[in-house]
Amino acid sequence: MSQTQQESSFNLLYIFQVIRKYLIYIIGVVALAGILAIIFTLPQIYKPEYLSSTIVYPTSAERYDVVNLFHDEPILYLYGESKEVEKLEHLANSEAVKMFIIDSLNLWDVYGVHPENDESPKYYVLRTYNSMVNTVRVAGNGLQIEAYDINPDRAAAIVNLLVQKVDEMNINMLRQNKASIHSMYRKGYENLEVQLAEYTDSLRRVRKRYNVFNAETQTERMVEQVMLAEAALSEARTEEKILSMTSRSGNSMLEEAKIRTQGARNKVYGMVNAKSGTNLNLETFREGLDQVLALEEICEYLARDIKDAREKIEVFDLMDMEAFTTILVTEEAQPSDKKARPVRWVILLATLLIAGLASIMGAVLVNGITGRLDTKTEEAAA
């Protein structure tokens with residue numbers, strides 16, 4: 001048979017012929033693989049592993065955002081979004097958390113890694129840990145944490161400790177953020193107190209300089225005194241005018257009236273004109289009053305801001321006293337009473353399938369090689 005004829009005859013019929021020809025060997029290989037699969041999955045060799053798991057849901061970060069709490073309409077959603085789930089997943093798969101779990105539960109001995117004797121012990125223990133502990137996102141922005149172990153109680157302990165550690169680290173992150181904002185509010189509060197003290201001193205100096213101590217009462221009295229002085233001046237002028245029309249020049253009553261008029265005029269001038277040199281007059285009082293009112297308004301604003309800042313700082317202090325969690329757990333992981341792996345029938349079925357395909361391919365290859373050798377031998381003999 002030529003090479004072309006042999007290649008053209010490679011079809012399903014050819015494969016069935018090869019299988020029938022090497023059937024005993026194929027059955028032997030498959031049987032041997034099945035026996036080995038059964039042996040290697042025995043509990044004495046492949047220890048059964050138990051699965052424990054739980055599903056956690058992150059709470060909304062806005063519930064612990066102090067800036068959001070002081071907003072006019074704070075956001076108080078209970079459940080977090082996908083970004084919170086992603087953060088929890090990163091924390092759960094961080095090396096620091098993994099090493100904490102390994103050290104806390106002494107998984108070095110469980111995984112057969114000896115830090116003193118083995119080369120690259122950290123690499124090997126993490127590799128084993130990664131094959132035993134998994135995180136999987138689930139619907140509803142949840143995170144499923146699962147752990148395999150030959151001891152069902154230890155598998156549940158790994159999951160529960162991992163949830164606790166992730167929550168603790170997430171809380172610490174929020175507290176660090178809150179501490180920085182708390183420090184910012186504290187410094188702002190102290191700065192406001194300093195400003196209020198400075199403006200209060202300025203207000204005290206302005207009051208003393210212009211003799212303005214009670215703006216409303218003093219204003220009424222000043223206006224009243226000015227009106228009385230102007231009325232007295234008007235009356236004196238009228239009296240002087242009448243006497244000047246009825247009396248002769250040099251009359252003592254007229255002279256007295258002129259003196260009274262000048263006195264009243266001087267009094268009014270002293271009360272309304274800053275150039276008069278008097279300590280308290282209407283012009284200087286108005287100037288001082290404007291400064292006093294402006295400083296009082298600034299002090300009121302500062303006092304209100306200080307009150308708001310103090311209330312926020314009190315909220316910070318209360319938040320430090322109250323325990324909170326950033327994770328909602330459906331239920332704690334419980335020890336399983338049924339092994340999760342190995343699933344012997346799956347392993348046996350997969351082994352038999354792979355062994356069968358491999359043995360058939362080997363038989364086809366062997367048959368092809370022997371066929372070529374026979375062809376060459378026939379051609380040499382011819």
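Reader: Is Glu89 buried or exposed, in terms of relative accessibility?

Author: Buried means under 20% relative accessible area, exposed means over 50%, and partly exposed is in between (1.4 Å probe, protein chains only). At 17% relative accessibility, Glu89 therefore counts as buried. Before we go on, a word on where this comes from: it's a predicted model, where local features need pLDDT of at least 70 and side-chain atom pairs count only at pLDDT 80 or more, while totals for chains, interfaces and linings use all residues. Residues are numbered from 1 along each chain as its sequence is written, and side-chain values use heavy atoms, with hydrogens and water left out.

Reader: Where is the place of Glu89, and which residues is Glu89 in contact with?

Author: Two terms first: helices (H or I, at least four residues) and strands (E, at least two) are DSSP runs, numbered from the N terminus, and contact means heavy atoms within 4.5 Å. Glu89 sits in helix H5, residues 82-92. Skipping its neighbours within four places in sequence, Glu89 touches Thr135, Arg137 and Leu143.

Reader: What about Glu49: buried or exposed?

Author: With a relative accessibility of 10%, Glu49 counts as buried. You'll find Glu49 in strand E1, residues 49-58. Again leaving out neighbours within four places in sequence, Glu49 is in contact with Met132, Tyr148, Asp149, Ile150, Lys339, Ala340 and Arg341.

Reader: Let me zoom out. How many helices and strands are there in the chain?

Author: The chain has 13 helices and 5 strands. Out of its 382 residues, 31% are buried. If you take contacts with a separation of 6 or more, residues 24 or more positions apart account for 74% of them.

Reader: How do the axes of H3 and H13 cross?

Author: Axes are lines fitted to C-alpha atoms, for helices over the stretch in contact, and angles run from 0 to 180 degrees between N-to-C directions. Under 35 degrees counts as roughly parallel, over 145 as roughly antiparallel, 65 to 115 as roughly perpendicular, and the rest as oblique. Helix H3 (residues 23-40) and helix H13 (residues 344-381) have axes that come within 8 Å and cross at roughly 150 degrees. H3 and H13 are therefore roughly antiparallel.

Reader: And which residues make that contact?

Author: On H3 they are Ile26, Val29, Val30, Ala33, Gly34, Ala37 and Ile38. H13 brings Arg344, Leu348, Thr351, Leu352, Ala355, Gly356, Ser359, Ile360 and Ala363. There's a general idea to keep in mind here: an α-helix has 3.6 residues a turn, so residues three or four places apart point the same way. For classes, Ala, Val, Leu, Ile, Met, Phe, Trp, Tyr, Cys and Pro count as nonpolar, Asp, Glu, Lys and Arg as charged, and the others, Gly among them, as polar. By that scheme, the contact of H3 with H13 has 11 nonpolar, 4 polar and 1 charged residues.

Reader: Is Leu352 exposed, partly exposed or buried?

Author: Leu352, in helix H13, has 31% relative accessibility, so Leu352 counts as partly exposed. Beyond its neighbours within four places in sequence, Leu352 is in contact with Val30 and Gly34. The C-alpha atoms of Leu352 and Val29 are separated by 9.2 Å, though these residues are 323 apart along the chain.

Reader: Which residues of H13 are buried, then?

Author: Those are Ala355, Gly356, Ser359, Ala363, Val364, Asn367, Gly368, Gly371 and Thr375.

Reader: How do H6 and H8 cross?

Author: Their axes come within 11 Å and cross at roughly 90 degrees, so H6 and H8 are roughly perpendicular to each other. Glu95, Lys98, Met99, Ile101 and Ile102 of H6 meet Lys122, Val125, Leu126, Tyr129 and Asn130 of H8. The residues of this contact divide into 6 nonpolar, 1 polar and 3 charged.

Reader: One last thing: what is phi of Asn106 near?

Author: Most residues other than glycine have a negative phi, and most peptide bonds are trans. Phi of Asn106 is near 50 degrees, a positive value in a residue other than glycine. Asn106 lies in the loop between helix H6 (95-104) and helix H7 (107-110), and at 39% relative accessibility Asn106 is partly exposed. Ser120 has a positive phi near 55 degrees. Ser120 is in the loop between H7 and helix H8 (121-132), and with a relative accessible area of 40% Ser120 is partly exposed.
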